[in-house]
Amino acid sequence: MPEKILLVDDEHDLLNVLKRSLGRQGYVVDTASTGQEAWKALTETAYDLVVSDLAMESMTGLELLKQIRTIDHIQPFIIMTGAGTIETAVEAIKLGAYHYITKPFKTQELALLARRAIEYGRLHRKLETFSEREQQADSGSMVIGNNALMQQMMTMVEKVSDSDVSILIQGETGTGKSLFAKRIHNASSRADKPFFTIDCGALSENLLESELFGHVKGAFTGAIRAKRGLLEEAQGGTVFLDEIGELTPSTQVKLLRAIQEKEIKPVGGNNPIHVDVRFLSATSRNLEEAVEDGEFRKDLYYRLAVIPLHLPALRNRQEDMVLFVGHFVRKFNVRYNKKVQSLTPGAMQTLRDSPWKGNIRELENVIERAVLLAEGQTISVEDLCAHPICFPEDGDGGEEGAVSLKQAVKNAEIKAIRQALGTAGGNRSKAAKILGIGRRTLYDKIESYNL
C-alpha cells in the first residue's frame, strides 16, 4: 500500500509542484492551504507524513504541530521554512518535528527527507504498538524484510519445502545462515521432526566424525561406550552442517556416501545404518573456488548445493535496516525490562553509514548495548558510540587504550561528520554549514574516511 503524505502551504503553485513530484515517487499526496484544513484532513485520514510550511496565517505550522502532538506524539512532521525563521524551525524539532527544510529547495531533497521521515515513523509506531506477548514470540524469529534477493530466496524455499532436496546457504559471517536454515526446516514437511546443528569448523576430525556418524565401544581412546551419531538421532528430520567448507577430505568422502547411499557406518563399526535425514549446509567460504583449488570434492559440492542460496550482506540490505533495528530493540526491551521507543535521526543515520563487516550479528550487538545504555526511551548517537562504529578503522594507537594525536583528531572528525550528516538528514551542503567548512572540504573528508 503506498504511503500517504499531507502537504500544507498557502502557496498553491508550490503545493502543485510538490504534489506532482512526490506523486511520481509513488506516494498518495493530499494538500491543504491552511492549518485548519490540514487539521480536518488529519482527523479523517491517517497520514504517514505531514509536510507543512512554517509561516501561515491563522494557524502556523508550529501551531499545527503542537495540536497534532496532543493526540499523536509519533506522527512524522517536516517543517518548510524560509532562511529567516530557522530558529523557529529548530523549536519545531524540539517539539518533535522530524526535520526542517529551507526554501528554496530541490524536490529531490524533500523526497529523500520524506522517505527517511516515513521510515522513522514506521519504526517507532511498531515499537510502541508491539505487545509483550508478540515481543517474546518475535525475539527468536528471522527478519526476512523487503530485499529483492531475500524475497526470491523465500519463493524458492516455498517451492522446495516439501522435498528432501539438499540446500547450500552461502554468505558472509553474521548474515543469519543458521536462522535461515531453521526457517527452511520449519517450512518443510519435516518440521515436527528433529533439527540438529553441528559446526564443522569447531571440532577435530575424529570428534566430528563421531558426532556425525556415532562410534562403537573401543573405537578410539575414551570410547568407553557406543554412541549414536547425529545423523541417526535425527531420523526423519533435518541436519544442518554449518561451516561445511571446513570438512577434511576424509570426512568429505564419508559424508558423500551418507548422502548418496542414505546409510552410515559408526566409527570403528562395520554394520551400516540406514538414515532418513535432509541435509542443509552453510559456509562463509567460496566453495566454488575451493572446488577449483582441490580443497573440496566436486561431487560432494553438487550433492549439497542442489539448491544454492546466497544471503546478502547487511550493507546491501539498506531497505531492511529499519526492520532489523525495530526487531532487536523489541527483543532487548523484553530481555532487560527497558522501554526504548525511538532513535534520534542522527543515531539512525549512524547505523545506516556503518560498513557492518559483522553483518546482522554485529548490528544486534550494537543495539543490545544501546538499549542498555539509553537513559530514557530514546537511543542517541552517544549510546551507539560505545561501539567502534563511531570510530571506524581504529588501530593506529600504541599502548592499549591509547591513540596518537593524529588518530584522535581523525576519530573526532569522523564523529562530528556523522552527527552533522544525521542532523542535516543526509544533506551534505547543510552538514558542511553545521560543521563550518566548505562543501568541497566535506566531500573530500567523506571520501578520505570512507564514510
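This is a predicted model: local features need pLDDT of at least 70, side-chain atom pairs count only at pLDDT 80 or more; totals for chains, interfaces and linings use all residues.
Strand β14 runs parallel to strand β6 (residues 167-170), and four bridges join the two. Within this pairing, Ile167 stands opposite Ile307 of β14.

## The chain as a whole

The protein chain has 451 residues, and buried residues make up 48% of them. Its secondary structure comes to 20 helices and 16 strands.

Among contacts with a separation of 6 or more, 71% are between residues 24 or more positions apart. The accessible surface of the chain comes to about 22300 Å², and carbon and sulfur atoms account for 49% of that surface.

## Aromatic pairs

How many aromatic pairs does a search of the whole structure find? The search finds five. In one of them, the ring centres of Tyr98 and Tyr120 are 5.1 Å apart and the planes stand at 55°, so this pair is tilted. Tyr98 lies in the loop between α4 (86-94) and β5 (99-102), while Tyr120 lies in helix α5 (residues 107-129), so the pair ties together parts that are 22 residues apart in sequence. Tyr98 has a relative accessible area of 9%, and it is buried because the cut-off is under 20%.

Phe195 and Phe240 form an aromatic pair that is stacked, with 6.4 Å from centre to centre and 15° between the planes. Phe195 belongs to strand β7 (residues 195-199) and Phe240 to strand β10 (residues 238-242), so this pair ties together parts that are 45 residues apart in sequence. Phe195 and Phe240 are both buried.

Which residues of helix α3 (residues 61-69) are buried? They are Gly61, Leu62, Leu64, Leu65, Ile68 and Arg69. Seen down the axis of α3, these residues fall within an arc of 160°, so they line one face of the helix. The elements that cover them include β1 (4-8), α2 (35-44), β3 (49-53), β4 (77-81) and α4.

Leu15 is found in helix α1 (residues 12-24). Its relative accessibility is 5%, so Leu15 counts as buried. Leaving out residues up to four places away in sequence, Leu15 touches Leu7, Val8, Asp9, Thr31, Ala32 and Ser33. Leu15 and Asp30 are 15 residues apart in sequence, with 9.5 Å between their C-alpha atoms.

In soluble globular proteins, nonpolar side chains tend to be buried together. In this chain, the largest nonpolar core has 29 residues, of which Leu231, Leu241, Ile244, Leu255 and Phe296 touch the most other members. The elements that give two or more residues to this core are α9 (205-213), α10 (230-233), β10, α11 (249-261), α12 (287-292) and α13 (298-304). Helix α11 gives the largest share, four residues.

Leu231 is in contact with Leu212, Phe213, Val239, Ala258, Ile264, Val275, Val277 and Phe279, leaving aside its neighbours within four places in sequence. A second, separate core has 27 residues, including Val340, Leu351, Ala374 and Ile379.

Conventions: Residues are numbered from 1 along each chain as its sequence is written. Side-chain values use heavy atoms; hydrogens and water are left out. Two strands pair if DSSP finds at least two bridges between them. Rings of Phe, Tyr and Trp (its six-membered ring) pair if their centres lie within 6.5 Å; planes under 30 degrees apart count as stacked, over 60 as edge-to-face and the rest as tilted. Buried means under 20% relative accessible area, exposed over 50%, partly exposed in between (1.4 Å probe, protein chains only). The arc is that of the directions from the helix axis to the C-beta atoms. Contact means heavy atoms within 4.5 Å. Accessible areas come from the Shrake-Rupley method with a 1.4 Å probe; for residues, only the protein chains shown count as cover. A nonpolar core is a set of buried Ala, Val, Leu, Ile, Met, Phe, Trp, Tyr and Cys residues joined through side-chain atoms within 4.5 Å.
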